[in-house]
Amino acid sequence: MSSSHHSPDIALQPQPSYANTELGLESNPASAVSESSNWDHVLVETEVPDTAVSLPPADTGFDAYAYLVSAWMLELLVWSFPFSYGVFLNYYTTVLFAPDDPQRNLLPVVGTLSSGIIYIGCLLISPILLKYPKQRRNISFIGLVLCVLGLVGAGFATRPVHLVVTQGIIYSIGGNLLYFPVLTYLMEWFSVKRGLANGILFTGTGLGGIVVPFTTEVLLRRYGHKITFFALAAIFGVLALPTLVYAKPRLPVAQVSTTAAVDMSFVKNLVFWVFLISNTIQGFANFLPGIFIPSFANDLKLSTTSGTLALALMNAASVPGFILIGGISDKYDLRVSISVSTVGSAAAILLVWGFTAKLAPLLVFACLYGFFSSGFSVLWTRFIGVISPEDPRLHSILISLFATSRGLGNVLTGPLSTVLLRHSPFYDTVSFGYGIKGYGSLILFAGLAMLASTAAITYPYFVGKTIDMDVPLGTMSRSGGRGTYDRS
(Lines give C-alpha, C1' and ligand atoms only; values in the text may rest on other atoms or scores of the structure.)
Protein backbone atom coordinates (compact mmCIF):
# COMPACT_ATOMS: atom_id res chain seq x y z
CA MET A 1 0.00 0.00 0.00
CA SER A 2 1.12 3.47 -0.67
CA SER A 3 2.04 5.92 2.05
CA SER A 4 0.87 9.49 2.08
CA HIS A 5 3.67 10.79 4.28
CA HIS A 6 6.24 9.81 6.86
CA SER A 7 6.17 11.10 10.40
CA PRO A 8 8.70 13.91 10.91
CA ASP A 9 9.36 12.50 14.39
CA ILE A 10 10.65 9.12 13.15
CA ALA A 11 14.32 9.33 12.28
CA LEU A 12 16.18 6.86 10.09
CA GLN A 13 19.28 5.57 11.84
CA PRO A 14 22.32 3.77 10.40
CA GLN A 15 21.50 0.10 9.97
CA PRO A 16 22.41 -1.84 13.11
CA SER A 17 21.58 -5.45 13.94
CA TYR A 18 18.40 -6.38 15.77
CA ALA A 19 17.91 -9.00 18.43
CA ASN A 20 14.87 -11.17 17.84
CA THR A 21 14.03 -12.37 21.33
CA GLU A 22 10.62 -13.59 20.20
CA LEU A 23 11.74 -15.78 17.29
CA GLY A 24 15.05 -16.87 18.75
CA LEU A 25 16.91 -15.14 15.91
CA GLU A 26 19.01 -12.13 15.29
CA SER A 27 18.34 -10.19 12.13
CA ASN A 28 19.98 -7.61 9.93
CA PRO A 29 17.77 -4.77 8.73
CA ALA A 30 20.12 -4.26 5.80
CA SER A 31 18.82 -7.49 4.29
CA ALA A 32 15.35 -7.13 5.75
CA VAL A 33 14.71 -3.77 4.09
CA SER A 34 15.03 -5.29 0.65
CA GLU A 35 12.46 -7.99 1.33
CA SER A 36 9.85 -6.41 3.60
CA SER A 37 7.48 -3.48 3.72
CA ASN A 38 8.18 0.12 4.62
CA TRP A 39 7.95 -0.82 8.30
CA ASP A 40 11.63 -1.75 8.37
CA HIS A 41 12.54 1.81 7.30
CA VAL A 42 10.84 3.61 10.20
CA LEU A 43 12.10 1.58 13.13
CA VAL A 44 14.82 2.70 15.52
CA GLU A 45 16.97 0.80 18.01
CA THR A 46 19.88 1.95 20.12
CA GLU A 47 21.61 -1.15 21.51
CA VAL A 48 21.92 -4.29 19.39
CA PRO A 49 24.28 -7.22 19.01
CA ASP A 50 26.91 -7.45 16.32
CA THR A 51 25.84 -10.69 14.61
CA ALA A 52 22.79 -10.98 12.40
CA VAL A 53 20.79 -13.16 10.01
CA SER A 54 17.97 -12.35 7.60
CA LEU A 55 14.36 -11.98 8.63
CA PRO A 56 11.86 -14.57 7.36
CA PRO A 57 10.57 -13.42 3.96
CA ALA A 58 7.28 -11.58 3.69
CA ASP A 59 4.44 -12.83 1.45
CA THR A 60 5.97 -16.28 0.99
CA GLY A 61 7.72 -19.13 2.76
CA PHE A 62 6.78 -21.58 5.51
CA ASP A 63 6.72 -19.02 8.33
CA ALA A 64 4.35 -16.65 6.52
CA TYR A 65 1.99 -19.46 5.52
CA ALA A 66 2.14 -21.04 8.98
CA TYR A 67 1.18 -17.70 10.49
CA LEU A 68 -1.71 -17.32 8.04
CA VAL A 69 -3.04 -20.83 8.75
CA SER A 70 -2.79 -20.29 12.52
CA ALA A 71 -4.46 -16.88 12.36
CA TRP A 72 -7.12 -18.39 10.10
CA MET A 73 -7.91 -21.06 12.69
CA LEU A 74 -8.20 -18.46 15.45
CA GLU A 75 -10.44 -16.39 13.20
CA LEU A 76 -12.65 -19.45 12.72
CA LEU A 77 -12.84 -20.26 16.43
CA VAL A 78 -13.26 -16.78 17.89
CA TRP A 79 -15.85 -15.50 15.42
CA SER A 80 -17.86 -18.67 14.71
CA PHE A 81 -19.92 -18.42 17.90
CA PRO A 82 -20.91 -14.74 17.53
CA PHE A 83 -21.70 -15.29 13.85
CA SER A 84 -23.80 -18.34 14.73
CA TYR A 85 -25.66 -16.69 17.58
CA GLY A 86 -28.92 -16.79 15.65
CA VAL A 87 -29.08 -20.55 16.36
CA PHE A 88 -28.52 -19.95 20.07
CA LEU A 89 -31.11 -17.15 20.12
CA ASN A 90 -33.74 -19.34 18.47
CA TYR A 91 -33.10 -22.09 21.05
CA TYR A 92 -33.20 -19.64 23.95
CA THR A 93 -36.49 -18.09 22.86
CA THR A 94 -38.28 -21.32 21.93
CA VAL A 95 -36.92 -23.87 24.42
CA LEU A 96 -34.77 -22.59 27.26
CA PHE A 97 -36.75 -19.55 28.44
CA ALA A 98 -40.49 -18.99 28.71
CA PRO A 99 -42.20 -16.39 26.48
CA ASP A 100 -43.13 -14.32 29.55
CA ASP A 101 -39.62 -14.33 31.06
CA PRO A 102 -39.00 -10.73 32.22
CA GLN A 103 -35.37 -10.92 31.07
CA ARG A 104 -36.25 -12.17 27.59
CA ASN A 105 -35.35 -8.81 26.01
CA LEU A 106 -31.73 -9.35 27.09
CA LEU A 107 -31.27 -12.29 24.73
CA PRO A 108 -30.57 -10.28 21.52
CA VAL A 109 -28.08 -8.22 23.54
CA VAL A 110 -26.02 -11.36 24.21
CA GLY A 111 -25.40 -11.71 20.48
CA THR A 112 -24.42 -8.10 19.88
CA LEU A 113 -22.16 -8.10 22.95
CA SER A 114 -20.43 -11.33 21.94
CA SER A 115 -19.18 -9.71 18.74
CA GLY A 116 -19.27 -6.02 19.68
CA ILE A 117 -16.96 -6.28 22.68
CA ILE A 118 -14.38 -8.14 20.59
CA TYR A 119 -14.31 -5.10 18.31
CA ILE A 120 -14.54 -2.39 20.97
CA GLY A 121 -11.88 -4.01 23.14
CA CYS A 122 -9.32 -3.42 20.38
CA LEU A 123 -9.11 0.25 21.33
CA LEU A 124 -8.32 -0.66 24.95
CA ILE A 125 -5.78 -3.36 24.24
CA SER A 126 -3.90 -1.55 21.47
CA PRO A 127 -1.94 0.79 23.83
CA ILE A 128 -1.03 -2.23 25.97
CA LEU A 129 0.34 -4.08 22.96
CA LEU A 130 2.37 -1.03 21.97
CA LYS A 131 3.83 -0.59 25.44
CA TYR A 132 4.50 -4.28 26.10
CA PRO A 133 5.06 -5.92 22.68
CA LYS A 134 6.90 -8.88 24.21
CA GLN A 135 3.71 -9.81 26.07
CA ARG A 136 1.52 -10.13 22.98
CA ARG A 137 1.64 -13.91 22.90
CA ASN A 138 1.02 -14.14 26.66
CA ILE A 139 -2.00 -11.88 26.24
CA SER A 140 -3.33 -14.23 23.56
CA PHE A 141 -2.99 -17.17 25.95
CA ILE A 142 -4.92 -15.30 28.66
CA GLY A 143 -7.61 -14.64 26.07
CA LEU A 144 -7.80 -18.34 25.25
CA VAL A 145 -8.40 -19.17 28.91
CA LEU A 146 -11.17 -16.56 29.18
CA CYS A 147 -12.91 -17.86 26.04
CA VAL A 148 -13.03 -21.36 27.47
CA LEU A 149 -14.25 -20.07 30.85
CA GLY A 150 -16.96 -18.01 29.17
CA LEU A 151 -18.27 -21.03 27.25
CA VAL A 152 -18.16 -23.26 30.33
CA GLY A 153 -19.93 -20.58 32.38
CA ALA A 154 -22.68 -20.30 29.77
CA GLY A 155 -23.37 -23.99 30.32
CA PHE A 156 -24.41 -23.20 33.90
CA ALA A 157 -26.72 -20.32 32.89
CA THR A 158 -30.30 -20.48 34.18
CA ARG A 159 -31.35 -16.90 33.42
CA PRO A 160 -30.74 -14.60 30.40
CA VAL A 161 -28.58 -12.30 32.50
CA HIS A 162 -26.19 -15.21 33.14
CA LEU A 163 -25.72 -15.53 29.37
CA VAL A 164 -25.06 -11.80 29.10
CA VAL A 165 -22.18 -12.15 31.57
CA THR A 166 -20.69 -15.41 30.25
CA GLN A 167 -21.41 -15.79 26.53
CA GLY A 168 -21.78 -12.04 26.00
CA ILE A 169 -19.01 -10.48 28.10
CA ILE A 170 -16.43 -13.00 29.39
CA TYR A 171 -16.20 -14.88 26.10
CA SER A 172 -15.90 -11.72 24.02
CA ILE A 173 -13.23 -10.17 26.26
CA GLY A 174 -11.27 -13.40 25.88
CA GLY A 175 -11.86 -13.39 22.14
CA ASN A 176 -10.43 -9.91 21.87
CA LEU A 177 -7.32 -10.74 23.91
CA LEU A 178 -6.76 -13.94 21.92
CA TYR A 179 -7.42 -12.62 18.43
CA PHE A 180 -6.33 -8.98 18.20
CA PRO A 181 -2.61 -9.44 19.02
CA VAL A 182 -2.45 -12.11 16.29
CA LEU A 183 -4.20 -9.84 13.79
CA THR A 184 -1.56 -7.13 14.29
CA TYR A 185 1.09 -9.48 12.88
CA LEU A 186 -0.60 -9.59 9.47
CA MET A 187 1.04 -6.45 8.09
CA GLU A 188 4.44 -7.79 9.14
CA TRP A 189 4.00 -11.07 7.26
CA PHE A 190 2.23 -9.76 4.14
CA SER A 191 2.91 -6.65 2.08
CA VAL A 192 2.28 -7.10 -1.67
CA LYS A 193 -0.41 -9.76 -1.09
CA ARG A 194 -1.95 -8.07 1.93
CA GLY A 195 -5.47 -7.68 0.55
CA LEU A 196 -5.55 -11.32 -0.55
CA ALA A 197 -4.12 -12.48 2.80
CA ASN A 198 -6.79 -10.48 4.60
CA GLY A 199 -9.46 -12.10 2.49
CA ILE A 200 -8.11 -15.61 3.10
CA LEU A 201 -7.82 -14.94 6.83
CA PHE A 202 -11.43 -13.82 7.11
CA THR A 203 -12.71 -16.93 5.34
CA GLY A 204 -12.18 -18.68 8.67
CA THR A 205 -15.33 -16.97 9.90
CA GLY A 206 -17.22 -18.20 6.86
CA LEU A 207 -16.17 -21.83 7.23
CA GLY A 208 -16.80 -21.80 10.97
CA GLY A 209 -20.16 -20.23 10.29
CA ILE A 210 -21.05 -23.23 8.12
CA VAL A 211 -20.03 -25.93 10.60
CA VAL A 212 -20.91 -24.36 13.96
CA PRO A 213 -24.63 -23.60 13.33
CA PHE A 214 -25.45 -27.20 12.34
CA THR A 215 -23.24 -28.68 15.05
CA THR A 216 -24.71 -26.39 17.68
CA GLU A 217 -28.30 -27.06 16.63
CA VAL A 218 -27.82 -30.83 16.84
CA LEU A 219 -26.08 -30.62 20.22
CA LEU A 220 -28.68 -28.26 21.68
CA ARG A 221 -31.58 -30.39 20.48
CA ARG A 222 -30.11 -33.69 21.69
CA TYR A 223 -28.22 -32.78 24.85
CA GLY A 224 -29.37 -29.33 26.00
CA HIS A 225 -27.35 -26.19 26.49
CA LYS A 226 -25.13 -27.40 29.37
CA ILE A 227 -23.52 -30.36 27.56
CA THR A 228 -23.38 -28.30 24.36
CA PHE A 229 -21.36 -25.50 25.92
CA PHE A 230 -19.04 -27.93 27.72
CA ALA A 231 -18.33 -29.71 24.41
CA LEU A 232 -17.80 -26.44 22.55
CA ALA A 233 -15.39 -25.22 25.25
CA ALA A 234 -13.32 -28.41 24.98
CA ILE A 235 -13.17 -28.20 21.18
CA PHE A 236 -12.22 -24.53 21.34
CA GLY A 237 -9.31 -25.15 23.73
CA VAL A 238 -7.94 -28.19 21.88
CA LEU A 239 -7.94 -26.44 18.49
CA ALA A 240 -6.79 -22.99 19.61
CA LEU A 241 -3.81 -23.89 21.81
CA PRO A 242 -1.53 -25.27 19.03
CA THR A 243 -2.05 -22.20 16.84
CA LEU A 244 -0.20 -19.99 19.33
CA VAL A 245 3.05 -21.74 18.32
CA TYR A 246 3.05 -20.17 14.82
CA ALA A 247 0.88 -17.10 15.41
CA LYS A 248 3.93 -14.94 16.12
CA PRO A 249 5.44 -11.68 14.82
CA ARG A 250 7.81 -11.59 11.86
CA LEU A 251 9.81 -8.54 12.93
CA PRO A 252 12.07 -8.71 15.98
CA VAL A 253 10.36 -7.43 19.09
CA ALA A 254 13.19 -4.91 19.55
CA GLN A 255 12.22 -3.30 16.26
CA VAL A 256 8.61 -2.68 17.18
CA SER A 257 9.40 -1.58 20.73
CA THR A 258 11.31 1.63 20.13
CA THR A 259 11.53 5.20 21.29
CA ALA A 260 10.38 6.44 17.87
CA ALA A 261 7.29 8.61 17.98
CA VAL A 262 3.97 7.64 16.44
CA ASP A 263 2.49 10.38 14.28
CA MET A 264 -1.06 11.04 15.53
CA SER A 265 -1.84 13.82 13.07
CA PHE A 266 -4.12 11.47 11.13
CA VAL A 267 -6.98 12.56 13.43
CA LYS A 268 -6.95 15.89 11.57
CA ASN A 269 -7.26 14.08 8.26
CA LEU A 270 -10.80 14.30 6.87
CA VAL A 271 -10.30 11.06 4.95
CA PHE A 272 -9.89 9.26 8.29
CA TRP A 273 -13.22 10.60 9.50
CA VAL A 274 -15.02 9.69 6.28
CA PHE A 275 -13.85 6.09 6.63
CA LEU A 276 -14.52 5.93 10.39
CA ILE A 277 -18.07 7.31 10.17
CA SER A 278 -18.96 5.07 7.23
CA ASN A 279 -17.52 2.08 9.07
CA THR A 280 -19.62 2.87 12.16
CA ILE A 281 -22.81 3.16 10.13
CA GLN A 282 -22.04 -0.15 8.41
CA GLY A 283 -21.60 -1.69 11.87
CA PHE A 284 -25.17 -0.76 12.79
CA ALA A 285 -26.49 -3.00 9.99
CA ASN A 286 -23.85 -5.66 9.50
CA PHE A 287 -24.81 -8.22 12.15
CA LEU A 288 -28.60 -7.85 12.25
CA PRO A 289 -29.45 -10.40 9.51
CA GLY A 290 -27.18 -13.06 11.01
CA ILE A 291 -28.67 -12.62 14.48
CA PHE A 292 -32.32 -12.69 13.45
CA ILE A 293 -32.51 -14.90 10.36
CA PRO A 294 -33.18 -18.18 12.29
CA SER A 295 -35.93 -16.47 14.33
CA PHE A 296 -37.31 -14.92 11.12
CA ALA A 297 -37.46 -18.39 9.55
CA ASN A 298 -39.26 -19.67 12.63
CA ASP A 299 -41.82 -16.85 12.36
CA LEU A 300 -42.36 -17.82 8.71
CA LYS A 301 -43.41 -21.23 10.10
CA LEU A 302 -40.38 -22.87 8.51
CA SER A 303 -38.49 -25.66 10.24
CA THR A 304 -35.68 -24.97 12.68
CA THR A 305 -33.26 -26.57 10.23
CA SER A 306 -34.35 -24.05 7.56
CA GLY A 307 -33.17 -21.12 9.69
CA THR A 308 -29.91 -22.89 10.48
CA LEU A 309 -29.40 -23.63 6.78
CA ALA A 310 -29.97 -19.98 5.88
CA LEU A 311 -27.44 -18.86 8.49
CA ALA A 312 -24.90 -21.43 7.32
CA LEU A 313 -25.32 -20.34 3.70
CA MET A 314 -24.85 -16.70 4.73
CA ASN A 315 -21.58 -17.58 6.40
CA ALA A 316 -20.53 -19.85 3.53
CA ALA A 317 -21.13 -17.11 0.96
CA SER A 318 -18.84 -14.83 2.95
CA VAL A 319 -15.85 -17.00 1.98
CA PRO A 320 -15.76 -16.02 -1.72
CA GLY A 321 -16.88 -12.53 -0.68
CA PHE A 322 -13.84 -12.06 1.53
CA ILE A 323 -11.44 -13.29 -1.15
CA LEU A 324 -12.94 -11.55 -4.19
CA ILE A 325 -13.59 -8.17 -2.56
CA GLY A 326 -10.13 -8.29 -0.98
CA GLY A 327 -8.60 -9.14 -4.35
CA ILE A 328 -10.57 -6.37 -6.10
CA SER A 329 -9.24 -3.85 -3.57
CA ASP A 330 -5.66 -4.84 -4.52
CA LYS A 331 -6.20 -4.40 -8.28
CA TYR A 332 -8.81 -1.67 -8.76
CA ASP A 333 -9.86 1.69 -7.38
CA LEU A 334 -10.85 1.36 -3.72
CA ARG A 335 -14.24 2.93 -4.47
CA VAL A 336 -15.15 -0.09 -6.61
CA SER A 337 -14.79 -2.57 -3.75
CA ILE A 338 -16.57 -0.23 -1.30
CA SER A 339 -19.53 0.12 -3.65
CA VAL A 340 -19.72 -3.59 -4.42
CA SER A 341 -19.89 -4.42 -0.70
CA THR A 342 -22.28 -1.72 0.55
CA VAL A 343 -24.68 -1.34 -2.39
CA GLY A 344 -24.84 -5.10 -2.87
CA SER A 345 -25.64 -5.62 0.81
CA ALA A 346 -28.31 -2.91 0.86
CA ALA A 347 -30.00 -4.32 -2.26
CA ALA A 348 -30.05 -7.81 -0.75
CA ILE A 349 -31.68 -6.55 2.45
CA LEU A 350 -34.26 -4.19 0.93
CA LEU A 351 -35.16 -6.06 -2.25
CA VAL A 352 -34.79 -9.71 -1.25
CA TRP A 353 -35.15 -10.09 2.54
CA GLY A 354 -37.95 -7.54 2.62
CA PHE A 355 -39.96 -9.53 0.05
CA THR A 356 -39.24 -12.97 1.47
CA ALA A 357 -42.13 -15.21 2.50
CA LYS A 358 -40.82 -18.70 1.68
CA LEU A 359 -37.67 -20.73 2.07
CA ALA A 360 -36.23 -20.29 -1.44
CA PRO A 361 -35.97 -16.47 -1.41
CA LEU A 362 -34.71 -16.63 2.17
CA LEU A 363 -31.81 -18.82 1.06
CA VAL A 364 -31.14 -16.51 -1.90
CA PHE A 365 -30.99 -13.55 0.46
CA ALA A 366 -28.62 -15.41 2.78
CA CYS A 367 -26.20 -16.12 -0.07
CA LEU A 368 -26.31 -12.59 -1.50
CA TYR A 369 -25.96 -10.82 1.82
CA GLY A 370 -23.20 -13.12 3.04
CA PHE A 371 -21.21 -12.50 -0.12
CA PHE A 372 -21.50 -8.70 -0.26
CA SER A 373 -21.45 -7.71 3.42
CA SER A 374 -18.43 -9.82 4.33
CA GLY A 375 -15.93 -7.82 2.31
CA PHE A 376 -16.21 -4.48 4.06
CA SER A 377 -13.90 -5.30 6.99
CA VAL A 378 -11.31 -6.66 4.52
CA LEU A 379 -10.95 -3.08 3.27
CA TRP A 380 -9.65 -1.72 6.58
CA THR A 381 -6.01 -2.21 5.64
CA ARG A 382 -6.70 -0.41 2.34
CA PHE A 383 -8.27 2.48 4.28
CA ILE A 384 -5.11 2.67 6.37
CA GLY A 385 -2.99 2.82 3.22
CA VAL A 386 -4.89 5.94 2.15
CA ILE A 387 -4.74 7.60 5.56
CA SER A 388 -1.18 7.13 6.84
CA PRO A 389 2.23 5.51 6.38
CA GLU A 390 2.86 1.88 7.17
CA ASP A 391 4.09 2.22 10.72
CA PRO A 392 3.23 -1.03 12.56
CA ARG A 393 2.30 0.87 15.72
CA LEU A 394 0.08 3.27 13.79
CA HIS A 395 -1.50 0.30 12.01
CA SER A 396 -2.50 -1.15 15.39
CA ILE A 397 -4.06 2.14 16.44
CA LEU A 398 -6.04 2.57 13.23
CA ILE A 399 -7.21 -1.05 13.13
CA SER A 400 -8.36 -0.71 16.74
CA LEU A 401 -10.26 2.48 15.92
CA PHE A 402 -12.04 0.87 12.95
CA ALA A 403 -12.81 -2.22 15.01
CA THR A 404 -14.11 -0.13 17.90
CA SER A 405 -16.35 1.98 15.68
CA ARG A 406 -17.87 -1.16 14.14
CA GLY A 407 -18.26 -2.70 17.59
CA LEU A 408 -19.98 0.43 18.88
CA GLY A 409 -22.53 0.24 16.10
CA ASN A 410 -22.96 -3.47 16.71
CA VAL A 411 -23.51 -3.18 20.48
CA LEU A 412 -26.02 -0.36 20.09
CA THR A 413 -28.07 -2.44 17.65
CA GLY A 414 -28.87 -4.87 20.49
CA PRO A 415 -31.31 -2.62 22.37
CA LEU A 416 -32.20 -0.80 19.15
CA SER A 417 -33.31 -4.02 17.46
CA THR A 418 -35.56 -4.81 20.42
CA VAL A 419 -37.30 -1.45 19.97
CA LEU A 420 -37.59 -1.90 16.20
CA LEU A 421 -39.15 -5.34 16.57
CA ARG A 422 -41.74 -4.01 19.02
CA HIS A 423 -42.76 -0.99 16.96
CA SER A 424 -43.14 -1.73 13.28
CA PRO A 425 -45.72 0.25 11.25
CA PHE A 426 -45.62 -2.50 8.62
CA TYR A 427 -46.91 -5.31 10.87
CA ASP A 428 -49.90 -6.96 9.20
CA THR A 429 -50.24 -4.03 6.79
CA VAL A 430 -47.93 -5.23 4.00
CA SER A 431 -47.03 -8.62 2.62
CA PHE A 432 -43.85 -10.65 2.66
CA GLY A 433 -40.94 -10.05 5.05
CA TYR A 434 -41.80 -6.42 5.73
CA GLY A 435 -45.11 -7.50 7.31
CA ILE A 436 -43.83 -10.40 9.45
CA LYS A 437 -44.20 -9.35 13.11
CA GLY A 438 -41.80 -6.45 13.72
CA TYR A 439 -39.23 -7.30 11.07
CA GLY A 440 -40.33 -4.56 8.67
CA SER A 441 -38.68 -1.78 10.67
CA LEU A 442 -35.62 -3.94 11.27
CA ILE A 443 -35.21 -4.71 7.56
CA LEU A 444 -35.70 -1.09 6.52
CA PHE A 445 -33.24 0.19 9.12
CA ALA A 446 -30.56 -2.35 8.18
CA GLY A 447 -30.90 -1.67 4.46
CA LEU A 448 -30.79 2.11 4.75
CA ALA A 449 -27.85 2.02 7.18
CA MET A 450 -25.91 -0.20 4.79
CA LEU A 451 -26.73 2.14 1.91
CA ALA A 452 -25.60 5.16 3.95
CA SER A 453 -22.20 3.53 4.57
CA THR A 454 -21.54 3.86 0.82
CA ALA A 455 -20.54 7.44 1.70
CA ALA A 456 -17.01 6.06 2.09
CA ILE A 457 -16.58 6.37 -1.69
CA THR A 458 -16.44 10.17 -1.29
CA TYR A 459 -13.00 9.96 0.34
CA PRO A 460 -11.00 11.23 -2.70
CA TYR A 461 -12.75 14.59 -2.36
CA PHE A 462 -11.27 14.97 1.13
CA VAL A 463 -7.69 13.92 0.35
CA GLY A 464 -5.30 16.62 1.55
CA LYS A 465 -7.99 18.36 3.60
CA THR A 466 -7.67 18.61 7.36
CA ILE A 467 -9.68 19.72 10.38
CA ASP A 468 -8.51 22.79 12.28
CA MET A 469 -8.34 21.92 15.98
CA ASP A 470 -7.84 24.31 18.88
CA VAL A 471 -5.67 21.79 20.74
CA PRO A 472 -2.56 20.96 18.71
CA LEU A 473 -2.02 17.28 18.11
CA GLY A 474 1.49 16.01 18.36
CA THR A 475 2.90 12.53 18.45
CA MET A 476 2.65 9.63 20.82
CA SER A 477 6.05 8.38 21.86
CA ARG A 478 7.58 6.00 24.31
CA SER A 479 10.71 6.66 26.28
CA GLY A 480 12.34 4.36 28.77
CA GLY A 481 9.34 2.03 28.65
CA ARG A 482 6.86 4.69 29.77
CA GLY A 483 4.30 6.39 27.53
CA THR A 484 4.73 10.13 26.97
CA TYR A 485 2.94 12.71 24.88
CA ASP A 486 4.95 15.23 22.88
CA ARG A 487 3.21 18.29 21.47
CA SER A 488 4.46 19.44 18.11
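Student: Accessible areas here come from the Shrake-Rupley method with a 1.4 Å probe. What does the accessible surface of the protein chain come to?

Tutor: About 18,700 Å², with 67% of that belonging to carbon and sulfur atoms. Keep in mind that this is a predicted model.

Student: Ok. How much of the chain counts as buried?

Tutor: The protein chain has 488 residues, and 58% of them count as buried.

Student: And how many helices and strands are there?

Tutor: The chain has 18 helices and five strands. As for its contacts with a separation of 6 or more, 83% are between residues 24 or more positions apart.

Student: Let's get specific. At what angle do α12 and α14 pack?

Tutor: About 30 degrees, with the axes 6 Å apart. Helix α12 covers residues 304-331 and helix α14 covers residues 359-374.

Student: Which residues of α12 and α14 meet?

Tutor: On the α12 side they include L309, L313, M314, F322 and I325. On the α14 side they include L362, F365, Y369, F371 and F372. The residues of this contact between α12 and α14 divide into 18 nonpolar, five polar and no charged.

Student: What about α3, mostly covered or mostly open?

Tutor: Mostly covered: of the twelve residues in α3 (residues 85-96), nine are buried. They run Y85, G86, V87, F88, L89, N90, Y91, Y92 and T93.

Student: What covers the buried residues of α3?

Tutor: The cover includes α2, α4, α6, α8, α11 and α12.

Student: Start with α6. Which residue, and what is L163 in contact with?

Tutor: L163 lies in α6, residues 160-183. Beyond its sequence neighbours within four places, L163 is in contact with Y92, F97, L107, V110, A154, A157 and G168. Y92 is one of the buried residues of α3. The C-alpha atoms of L163 and V110 are 6.6 Å apart, although the two residues are 53 apart in sequence.

Student: Why does L163 count as buried?

Tutor: Because its relative accessible area is 0%, and the cut-off for buried is under 20%.

Student: And α8? What does E217 touch?

Tutor: E217 is placed in helix α8. Leaving aside neighbours within four places, E217 is in contact with V87, T304, T305 and T308. V87 belongs to the buried set of α3. E217 itself counts as buried, at 6% relative accessibility. Its C-alpha atom is 8.2 Å from that of Y91, which is 126 residues away along the chain.

Student: Then α11. What does S295 touch?

Tutor: S295, in α11 (residues 288-299), touches L89, N90 and Y439, not counting residues up to four places away. L89 and N90 are buried residues of α3. S295 is also buried, at 10% relative accessibility.

Student: New topic, backbone. What is phi of D59?

Tutor: Positive, about 75 degrees, although D59 is not a glycine. D59 lies in the loop between α1 and α2.

Student: And K301?

Tutor: K301 also has a positive phi, near 70 degrees, and is a residue other than glycine. K301 lies in the loop between α11 and α12.

Student: Are these two buried or exposed?

Tutor: D59 counts as buried at 10% relative accessibility. K301 counts as exposed at 74%.

Student: Last one. How many residues of α15 are buried?

Tutor: Six of the eight residues in α15 (residues 380-387). They are W380, T381, F383, I384, G385 and I387.

Key. Residues are numbered from 1 along each chain as its sequence is written. This is a predicted model: local features need pLDDT of at least 70, side-chain atom pairs count only at pLDDT 80 or more; totals for chains, interfaces and linings use all residues. Side-chain values use heavy atoms; hydrogens and water are left out. Helices (H or I, at least four residues) and strands (E, at least two) are DSSP runs, numbered from the N terminus. Buried means under 20% relative accessible area, exposed over 50%, partly exposed in between (1.4 Å probe, protein chains only). Contact means heavy atoms within 4.5 Å. Axes are lines fitted to C-alpha atoms, for helices over the stretch in contact, and angles run from 0 to 180 degrees between N-to-C directions. Ala, Val, Leu, Ile, Met, Phe, Trp, Tyr, Cys and Pro count as nonpolar, Asp, Glu, Lys and Arg as charged, and the others, Gly among them, as polar.
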